[in-house]
Amino acid sequence: MLGRTRAFSGFSVDDTEAARRFYGETLGLEVTDLGGGMLRLELAGGGQVLVYPKPDHQPATYTILNFPVVDLAAAMAELRGRGVEFERYDVPGLQTDADGLAEGEGPRIAWFKDPAGNILSMLEED
């Protein structure tokens, strides 16, 4: 029944104006104001994500968006230049280097957070 609908995901933030600036200006996504504090992020390939305000917002404890890039080091350098800080992890099964880069099984990957504390990643595609 729903297999042919244009489904989309969504996540909450505590400050939609900060989210608009971060996703639009820092990450370079097209951001549309839907009214009522809601935003729509336009992703390459036609995907869309709803960003909605939530007064008791709690940051997601998992990666909400993954951005594949061709050159991870270059993408990280560009985002650092725009003020993004990369997360560092040192837990069993997940270690990043001093720059926030994880290498090993799977693609090279780096995580960062939006102003609401939600986790995003960039991963290097072949």
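Student: What joins the side chains of S12 and H57?
Tutor: A polar contact of 2.7 Å joins them. The term denotes a pair of N or O atoms within 3.5 Å; within protein, one must be able to donate a hydrogen and the other to accept it, and residues adjacent in sequence count only if both atoms are side-chain atoms. Please note that this is a predicted model, in which local features need pLDDT of at least 70 and side-chain atom pairs count only at pLDDT 80 or more, while totals for chains, interfaces and linings use all residues. Residues are numbered from 1 along each chain as its sequence is written, and side-chain values use heavy atoms, with hydrogens and water left out.

Student: Why is S12 called buried?
Tutor: Buried means under 20% relative accessible area, whereas exposed means over 50% and partly exposed lies in between (1.4 Å probe, protein chains only). S12 has 10% relative accessibility, so S12 counts as buried. Its place is in strand 1.

Student: Which residues does S12 touch, not counting residues up to four places away in sequence?
Tutor: S12 touches Y52, K54, H57 and N118. Contact here means heavy atoms within 4.5 Å.

Student: What makes strand 1 and strand 2 edge strands?
Tutor: Strands (E, at least two residues) and helices (H or I, at least four residues) are DSSP runs, numbered from the N terminus. Two strands pair if DSSP finds at least two bridges between them. Here 4 strands form an open sheet in the order 1-4-3-2, with mixed pairing. Strand 1 (9-13) and strand 2 (30-35) each pair on one side only, and they are the edge strands.

Student: How do you know that strand 2 and strand 3 pair?
Tutor: They share 5 bridges, in the antiparallel sense, and the requirement is at least two bridges. Within this pairing, T32 stands opposite R40 in strand 3.

Student: Why is one side of strand 5 and of strand 8 left without a neighbour in the sheet?
Tutor: These strands belong to an open sheet of 4 strands in the order 5-10-9-8, whose pairing is mixed. Strand 5 and strand 8 stand at its edges with a single partner strand each, so one side of each has no neighbour in the sheet. Strand 5 pairs with strand 10 in the parallel sense over 6 bridges, and V69 stands opposite E124 in strand 10. Helix 2 packs on this sheet, touching strand 5, strand 8, strand 9 and strand 10.

Student: How do you know that the buried residues of helix 2 line one face?
Tutor: The buried residues in helix 2 (residues 72-81) are L72, A75, M76 and L79. Seen down the helix axis, they fall within an arc of 100°, so they line one face of helix 2. The arc is that of the directions from the helix axis to the C-beta atoms. In general, an α-helix has 3.6 residues a turn, so residues three or four places apart point the same way.

Student: What puts the buried residues of helix 1 on the same side?
Tutor: In helix 1, T16, A18, A19, F22, Y23 and T26 are buried. They cover an arc of only 155° around the axis, which puts them on the same side of helix 1.

Student: What caps the N-terminal end of helix 1?
Tutor: D15 does, for a side-chain oxygen lies 3.1 Å from the backbone nitrogen of E17. Helix 1 is followed by G28, whose phi is positive, near 80°.

Student: Why is the pair of F86 and F112 called edge-to-face?
Tutor: Rings of Phe, Tyr and Trp (its six-membered ring) pair if their centres lie within 6.5 Å; planes under 30 degrees apart count as stacked, over 60 as edge-to-face and the rest as tilted. F86 and F112 lie 5.7 Å centre to centre with 70° between the planes, and the pair is edge-to-face. F86 lies in the loop between helix 2 and strand 6 (90-91) and F112 in strand 9, so the pair ties together parts that are 26 residues apart in sequence.

Student: Are F86 and F112 buried or exposed?
Tutor: F86 has a relative accessible area of 9% and is buried; F112 is buried too, at 1%.

Methods:
Axes are lines fitted to C-alpha atoms, for helices over the stretch in contact, and angles run from 0 to 180 degrees between N-to-C directions.
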